[in-house]
Amino acid sequence: MSGFPYFDYRGNELYAESVSLSQIARMFGTPCYVYSCTALTHTYQAFDAAFAGRDHLICYAVKANSNIAILNLLSRLGSGFDIVSGGELQRVIKAGGDPQKTVFSGVGKSSEEIRMALAADILCFNVESEAELIVINQIASEMDKIASVSLRINPDVDAKTHPYISTGLKENKFGIPINDAERIYTSSQELTNIHFTGMDCHIGSQLTELDPFKQASNRILSLLDRLEAKGIAVDHLDLGGGLGIRYAEETPPSIEEYVTSLCASADQCNKRILIEPGRSLVGNSGLLLTKIEYLKHTPDKNFAIVDAAMNDLMRPALYDAYHEILPVNKNQGKDEFYQIVGPICETGDFLGHDRKLSLVKGDLLAVMSAGAYGMSMSSNYNTRPRAAEVMVEGENIHLIRERETINQLIATEKILP
Ligand code: LLP
């Protein structure tokens, strides 16, 4: 058993649904991201079902994995989207997603991006500062539009996660301090091209406990009560994303527990609930397939040098994140401890440390839980073309992004005349 229901062993070989990963490597080469369509579908459906009929909208956080095949699949399942750039909006539109189910988050929306989002008639801007509110009002007025707005509240709650991905503390750059929000909602009623339709918060990512979510929603709900007492009402409550997944030993709440708890917190208010899950929707629906180029044994360490690197999956280098690494073909040799490293010229270029495996040059490895913040954070460092992406659906294999070519990488560069 691999521990990953949609990526499991048949005999000694690891499969994605009904397709062997060796076959995918033969067809498309490595490194290659592989996603399970069934895993994605079932995970989305688990979120949807957990709302048990309550008015809601799931706005998938596009940044977690923005391949348009994934956006299209989620859109067909009924999903909305949380975007943070004009580029992500264009992806949603190209994928057939509905702008009317799209919210726009982020601390630094440019005027051009605001214009693009107003032209597309998105559902709502999640506004992160007073200054941004004024710019949106101005642009909406020039375009003769009314912008639907939710204020992103910074509730000052400790998400108890990696500091780089904690966003709801008062010292973080995100959102509007909760103590300023009431004044801004009230004083901004005179902005004639703004219509306040919601209130939102997002306190961080990879949360493995429910308590911080509960604290944040309680603070938001009491703010909502204070506003309603002043005659200011909104239609929806957006409780952000952030539910963690199991990479190693974590035991995050299930999707059902998480959604049920959010709904219970918001029980007394009868508003539509929005959520913005990213990682928990796609993280364990994908893996990164890589091949061992060389084995190198030194007096201190054993290295397995693979063809994927920090440019393909940045999380270990950036957050010291752990990803399970499984052999695609289990062999019967002796286990040794290996450093699984890439070809990039940095000591930080590793995918895993001290992994006990039996390896032979040419073997394939699967770096698990790589569906979220894998491909979407990849780069071309060391002039490495980005990996191919493949989606498996039962026995069917779909190439959803071709491997980049070196020519594509240098096509827009110019030598001085
Ligand atoms: N909504 C907003 C406004 C966000 O900023 C994020 C993530 C999400 C939703 C989705 O959060 P999720 O459900 O995925 O936790 N690169 C990091 C994660 C950064 C998350 C940034 N914001 C990583 O690889 O762990």
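I count a polar contact as a pair of N or O atoms within 3.5 Å. The model is a predicted one.

Entry one: the ligand. I looked up the residues around the ligand and found 19. Ser205, Glu276, Arg315, Tyr319 and Tyr373 come nearest. A backbone N or O atom of Gly278 lies 2.8 Å from a ligand oxygen atom. For Arg279, I again found a backbone N or O atom, 2.8 Å from an oxygen atom of the ligand. Tyr319 uses a polar side-chain atom, 2.7 Å from a nitrogen atom of the ligand.

Entry two: α5 and α6. I looked up helix α5, residues 111–119, against helix α6, residues 130–142. They pack at about 55°, and their axes are 10 Å apart. That angle makes α5 oblique to α6. The crossing is right-handed. From α5 I noted Ser111, Ile114, Arg115 and Leu118. They meet Val135, Ile136, Ile139, Ala140 and Glu142 of α6. I sorted the residues of this contact into six nonpolar, one polar and two charged.

Helix α7 covers residues 178–187, and helix α8 covers 211–229. I read an angle of about 30° and axes 11 Å apart. α7 and α8 are therefore roughly parallel to each other. Their crossing is right-handed. On α7, the contact is made by Ile178, Ala181, Glu182 and Tyr185. On α8, I listed Arg219, Leu223, Arg226 and Leu227. The contact of α7 with α8 has five nonpolar residues, no polar and three charged.

Technical notes: Residues numbered from 1 in each chain as written. Predicted model: local features only at pLDDT ≥ 70, side-chain atom pairs only at ≥ 80, totals over all residues. Heavy atoms only, no water. Axes fitted to C-alpha atoms, helices over the stretch in contact; angles between N-to-C directions. Helix = DSSP H or I, 4+ residues; strand = E, 2+ residues; numbered from the N terminus. Parallel < 35°, antiparallel > 145°, perpendicular 65-115°, else oblique. Left-handed = near helix turned anticlockwise from the far one by under 90°. Contact = heavy atoms within 4.5 Å. Nonpolar A, V, L, I, M, F, W, Y, C, P; charged D, E, K, R; others polar. Near = heavy atom within 4 Å. Polar contact = N/O pair within 3.5 Å; in protein donor to acceptor, adjacent residues only side chain to side chain.
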